[in-house]
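Colleague: I am new to this one. Please show it to me, then take my questions in turn.

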Amino acid sequence: MPSARSIAVIIPAAGSGSRFGDVRNKVFAMLAGKPLWMHCVERFHARVEVSRIVLAVSDEDRETFEQQATDLAIREKIAFCRGGSERSDSVAAALATLDSDNNVQWIAVHDAARPLVQDEDLSAVFEMAKLTGAAILATPITGTVKRGMADAVGCTTVDRRELWTALTPQVFRADVLRSSYARHHGFPVTDDAQLVERAGHSVALVHGAADNLKITFPEDLQLAEAILKRYGNR
Ligand code: CTP
Ligand code: MG
């Protein structure tokens, strides 16, 4: 396991939640009495490996984040930076704020919109990152997968045994993530592992819980409530 206080966490939270459709950023939506982003922060705050947490936020949202971060212990560990127009810009901005900190050996990136990640999955992905330098949580694709075009004749079936949905956190040795981002040059990516892969590093998949879902649409919130209740009753 990575040693105490050796991991910094980046939480990109600077989106607008356009598919969620609320007037506010979806990360302020309430789940079991707390905003989504606070669930994420608390899960990482509770880990001894985590030394600090940087949230990338938009200028517009910053004040609301500051107002909601009332717990003093949590306040001490978190910092805010200004996010960018793409998720990768937000992560890059957070990386820049960590740049001068040589105590950071590992960096975990976790979506502010994934409030349900469980402790045992954090342990597993932290451990694998320590062994390999780059590890992500992922969950196997369960449906039958077809390749083809909508309303066109002639699809084929893809072997799903090698297919996974990428989740977060994605955890990297700090130098691996920094050098991968330095070579990014704005190429569109949908997760951080893709950047690291493109820079020539191997990324390990860690089988995580499928219910570590990303809140995207309003109905995801009801699902999240149900999942949280089930975990609470275990
Ligand atoms: N994010 C970010 N900076 C951006 C875009 C997204 O920090 N420029 C963050 C979001 O706040 C979210 C995470 O990246 O926590 C995953 O992105 P997504 O689920 O796509 O959130 P949004 O971009 O806010 O939602 P949408 O795509 O529906 O607008
Ligand atoms: Mg988005």
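This is a predicted model: local features need pLDDT of at least 70, side-chain atom pairs count only at pLDDT 80 or more; totals for chains, interfaces and linings use all residues.

Modeller: Residues are numbered from 1 along each chain as its sequence is written, and side-chain values use heavy atoms, with hydrogens and water left out.

Colleague: What radius of gyration does the chain have?

Modeller: The radius is taken over C-alpha atoms, and the globule rule is 2.2 Å times the number of residues to the power 0.38. For 234 residues, a compact globule would come near 17 Å. The chain agrees with that, at 18 Å.

Colleague: What percentage of the residues in the chain is buried?

Modeller: Buried means under 20% relative accessible area, exposed over 50%, and partly exposed in between (1.4 Å probe, protein chains only). Of the 234 residues, the buried ones make up 47%.

Colleague: Which residues of helix α4 are buried?

Modeller: Helices (H or I, at least four residues) and strands (E, at least two) are DSSP runs, numbered from the N terminus. Helix α4 covers residues 87–98. Its buried residues are Ser88, Ser90, Val91, Ala94, Leu95 and Leu98.

Colleague: Why do the buried residues of α4 line one face?

Modeller: An α-helix has 3.6 residues a turn, so residues three or four places apart point the same way. The arc is that of the directions from the helix axis to the C-beta atoms. Seen down the axis of α4, the buried residues line one face because they fall within an arc of 155°.

Colleague: Which residues does His45 contact, leaving aside neighbours within four places in sequence?

Modeller: Contact means heavy atoms within 4.5 Å. His45 sits in helix α1 (residues 36–45). Its contacts are Ile53, Ala73, Ile74 and Lys77.

Colleague: Is Gln118 buried or exposed?

Modeller: Gln118 is in the loop between β6 and α5. A polar atom of its side chain lies 3.0 Å from the backbone oxygen of Leu116. With a relative accessible area of 11%, Gln118 is buried.

Key
Chains are lettered from A and ligands numbered from 1 in the order in which they are written. The expected span of a helix is 1.5 Å times one less than its number of residues. A polar contact is a pair of N or O atoms within 3.5 Å; within protein, one must be able to donate a hydrogen and the other to accept it, and residues adjacent in sequence count only if both atoms are side-chain atoms.
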